[in-house]
Amino acid sequence: MNELFSLAVITGILTSAIRLATPYLFAAVGEAFAQSSGVVNLGVDGIMLVGAFVAFYVTLQTGNLWLAVLAAALVGLLMGLLMSLISVTLKAEQGISGIGLYMFGLGLSSLLFKLLVGTVQTIDGFKVIKIPLLGDIPMIGEIFFQHSLPVYAAFLLVPVAWWFLEKTTWGLKIKAVGQNPAAADSLGVSVDKVRYFSVCLGSVLAGLAGASLSTALVNLFQENLTAGLGFIAVALVYFGGWKPAGILVGALLFSTVNAFQLWMQVLGVNISSDVAVMLPYLLTIAALVFATNRVRQPAALNKPFERGEN
Amino acid sequence: MKKHNVWMAICALLVAALVLTACGQAATPAPAAKVVRVAVVMPSSTTDMAFSQSMYSALVAVQKEMGGEAAMEIKYSENMFKVPDAAAAIRDYASQGFDIVVAHGSQYGASVEEIAKDFPGTTFAWGTDVNTFGLPNVYAYTAAAQEGGYVNGVLAAKLTTSKQIGVTGPVEVGDAKTYIDGFVQGVASVDPSITVNKTWTGSFSDVALMTEAAKTHIAAGADVLTGSSQSVVGSIGAAKENGKVLWFGTQSEQTTLAPELVVASQVYDWTAMIKEIIASRAAGTLGGKTYTLQLSNDGLKIVFNAGYNLPADVKAAADAAIEGIKGGKITVNP
Amino acid sequence: MPPESHPRSQKSWLDDWKDLAFRAALPFLAMLAALLIGAIVLAFLKVNPLTAYAAIVTGVFGSMSGFTQSLVKATPLLLVGLGICIAFRASMINIGAEGQIILGALGATAWSLAFRNWPGWILLPTTLIASFIAGAAWGFVPGFLKARFRVNEILSTVMMNAIALQLMNLLIRGPLIDQAGVTAGTYLAQSEKLPESVWLTRLIPQTLLHTGAILAVILAVVVYIFLWRTTIGFRIRAVGLNPDASRYAGVNVPAYQALSLTLAGGFAGLAGAVEVMGVHHRLLEGITSGYGFSGIVAALFGGLHPLGLIPASWLFGSLLVGADKMQRAVQVPSALIDTLLGLVVLFVVGSAYISQRWAARRAIAVSKAGKEAEA
């Protein structure tokens with residue numbers, strides 16, 4: 001039991017947690033863009049799956065990881081356009097179109113995998129890059145500065161996303177459209193254009209989240225690789241109160257609980273895996289309750305905008 | 001009203017397209033008269049590198065041996081992890097007149113019991129379990145996964161230098177449990193001081209969590225890993241990324257996933273069983289028997305990776321374990 | 001009370017009928033469009049799309065087994081759809097039917113096993129009630145969170161699904177596990193068989209068609225009467241149509257939203273009950289068969305109207321049965337079916353707007369014509 005609190009174990013848990021947080025960060029920050037503009041995209045998991053497959057396939061064929069990332073971003077964009085078309089232009093019920101997009105992505109990625117690859121194969125993904133000097137600091141170096149490129153990118157995304165949402169005109173437009181589309185519209189902001197942009201940006205990041213999974217974390221593709229990870233990412237957006245920093249906290253909390261649970265098992269501490277798997281969801285619901293009281297959600301969230309209404 | 005017309009046009013186009021694609025296809029030739037018709041219903045994909053693939057590959061191998069599609073027809077339903085859908089598929093194949101319906105999942109038992117009564121002329125084979133429900137048209141099959149687990153355990157114990165071995169499992173049920181129990185016993189038979197740590201992810205399909213479980217084992221000092229279920233491809237990926245950690249496979253041959261690191265795989269070979277079921281049916285016996293894949297009946301095979309340079313004395317120890325189990329000198333508890 | 005200011009009241013019955021026909025046709029057109037894309041994919045797979053789609057039709061109508069299967073699938077879809085419909089009328093999106101089905105199935109299993117010695121005439125109805133309450137409780141939580149804390153119900157219901165799934169795994173491998181599996185050493189994740197007194201009677205021998213199908217149709221009529229002929233039903237619809245007006249009229253909007261989700265959960269719970277009591281006679285993994293999601297689509301097909309749901313759920317049940325049959329007949333990867341269903345959902349939900357726009361334009365045209373006639 002004392003082993004659990006040794007430095008090596010703590011280092012191990014935190015290193016795992018940082019690594020595991022990567023796909024959640026990409027997907028949840030992306031979803032935050034979409035939701036800030038008022039569109040709930042429940043199809044993140046489906047986009048991630050297609051992104052993960054495409055990145056895997058391109059790596060398998062060309063060995064070029066950058067091309068793989070680019071391809072994943074591109075299919076993310078295409079899926080985002082589809083989601084925008086249904087949810088923004090056709091003003092469909094977002095919860096339902098998201099489920100449709102998820103089913104479509106799940107089916108498509110499995111179908112392509114069956115047709116183009118057929119059997120599970122591993123690829124050479126992104127290698128761990130030890131950052132000079134910083135990576136040599138005991139404990140800290142191992143936890144924070146010995147990861148692969150997508151992991152660093154995911155954490156860099158957090159401040160960049162904050163800056164974009166809070167400090168740029170585009171970010172302000174996104175939030176205005178999410179809070180009061182009618183007012184934004186009367187000021188000459190094209191609500192549909194901004195929502196298309198936000199949903200597509202979010203979907204590109206979801207595609208990258210999938211790519212980070214298949215080319216950096218597990219280095220392979222299998223049907224339903226994400227196993228519902230995208231849905232957690234959507235919940236993390238609420239958890240984080242639509243703020244990148246809040247999402248970071250939520251993602252780290254979630255991944256730390258998972259890493260902690262695995263280490264406990266390795267060290268022979270017996271806990272029920274069912275309870276362990278349930279815990280994060282219970283935490284999220286609790287967090288939803290507090291989050292909604294603490295911060296204001298985009299007022300027009302989940303509401304299609306039609307000129308002349310309201 | 002304009003919109004209405006647009007839809008009509010789309011509709012017409014659609015019909016036209018359907019007809020056109022239909023014309024472009026040639027008629028399929030009628031199947032020859034005496035074809036053995038086999039259908040299989042599986043919980044995961046035919047390409048899962050594990051349980052489902054082991055059965056599908058065996059069927060295809062038997063088909064090839066018997067003379068291709070002219071002699072044996074195979075139909076499959078994959079990803080039938082929802083039992084209700086699987087039950088519908090099993091019933092459907094039976095009512096379509098398939099000779100043999102393989103229900104490849106222990107969760108299908110209740111459905112097989114019910115459906116087999118309605119189709120007394122159809123042979124049903126299901127596993128992994130030992131229960132034929134007392135029905136004359138049901139075969140049950142199972143794999144003594146603990147035997148190969150034991151052999152893998154002996155190999156692992158000889159190869160570990162850190163004296164720490166990691167096991168990544170899904171849920172502690174079925175052959176995931178028996179394989180790992182046998183593995184632990186095999187390790188202990190060589191050196192009881194070696195620690196075997198086990199993790200259960202609670203899911204048969206969560207590859208990402210399985211990968212992280214393997215990485216956790218590695219970080220905790222394990223230099224040999226094994227595990228069961230279709231999600232272990234993640235563990236193998238983790239071993240490959242590390243580059244030094246060895247892997248032992250089960251269910252299907254997993255060498256291709258990490259050719260330098262997979263030492264050996266226990267392979268389920270159902271071909272002999274399938275051939276026997278087909279032959280018995282031709283002779284008039286529709287079921288009523290239980291098959292157990294064992295090392296002694298060649299249903300289980302330890303496939304060594306030719307690309308891994310296994311020391312001669314370790315190979316000898318494994319061979320001794322295999323012979324010991326075959327000859328009954330070593331008993332492995334399920 | 002807000003006045004019934006529905007534009008439809010100003011139209012003649014003929015317009016009404018045309019409107020209805022167009023709205024009913026749209027989901028079919030959307031489905032056809034999805035199938036057309038499917039045909040292209042099938043052609044790529046070197047499968048004749050016509051053979052494949054013919055397999056859907058013959059699969060359902062070509063045999064008694066196929067036909068009854070479509071009704072067996074339609075039953076839970078109808079029940080789930082009724083719940084979705086009630087919630088949607090109050091502007092609540094219930095993504096949580098999966099979890100509510102699980103709770104209903106758990107409730108039915110636990111209750112009937114606990115009181116297995118009771119006579120059937122009392123055990124069977126109480127088992128159904130137990131499943132309704134269990135499902136309703138699972139719907140009440142997000143309903144309460146929405147009413148009290150304004151927690152978005154889409155997300156909380158998604159979370160509740162995940163929790164329900166793990167709860168079932170925990171119970172089905174623990175307290176509810178079939179002891180026969182434990183003694184045999186297989187540790188199968190399924191419950192003991194339910195007492196025969198709660199099995200729903202099979203209507204046709206050698207098929208799975210059971211009395212739950214009749215129950216579902218009766219309930220559809222009951223829900224229609226409830227929504228359109230009772231005060232509570234009227235308020236639920238008023239809250240959905242215009243929450244602000246309802247609030248000014250003194251309706252407790254959050255309470256009715258919570259109520260609608262609770263009822264939705266109850267109906268999904270019944271769907272879980274008919275699955276264990278009518279089809280499997282025990283609780284096992286994968287009990288929902290995805291009905292919680294496909295029930296949403298069925299509800300959309302039915303125009304979110306309880307009576308429209310009766311044919312719609314049968315149609316969608318047929319589609320599911322036919323798609324499975326197609327997979328078996330032409331041996332395409334099962335993932336193709338998921339892809340197609342996803343497209344069907346996207347197209348159907350997308351087409352809803354077109355139908356609304358069409359209805360709105362007609363309403364304007366009609367009212368214009370009316371004004372001109374007055375002048």
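Mentor: Start in chain B: Lys177(B) and Asp181(B) meet in a salt bridge, 3.6 Å from N to O. A salt bridge here is a side-chain nitrogen of Lys or Arg within 4 Å of a carboxyl oxygen of Asp or Glu. This is a predicted model, where local features need pLDDT of at least 70, side-chain atom pairs count only at pLDDT 80 or more, and totals for chains, interfaces and linings use all residues. Residues are numbered from 1 along each chain as its sequence is written, chains are lettered from A in the order in which they are written, and side-chain values use heavy atoms, leaving out hydrogens and water.

Trainee: Where do Lys177(B) and Asp181(B) lie?
Mentor: Both are in helix H6 (residues 174-190) of chain B, four residues apart, about one turn of the helix. Helices are DSSP runs of H or I, at least four residues, numbered from the N terminus.

Trainee: New topic. What does Asp92(B) pair with?
Mentor: Lys325(C), with the closest N and O atoms 2.3 Å apart. Asp92(B) lies in helix H3 (residues 83-95) of chain B and Lys325(C) in helix H13 (residues 306-330) of chain C, so the pair joins two chains. Both residues are buried.

Trainee: Which residues are in the network with them?
Mentor: Asp324(C) and Arg328(C) are linked with Asp92(B) and Lys325(C) in a network of salt bridges.

Trainee: How many salt bridges over all chains?
Mentor: The structure holds 22.

Technical notes:
Buried < 20%, exposed > 50% of the residue type's maximum accessible area, 1.4 Å probe, protein only.
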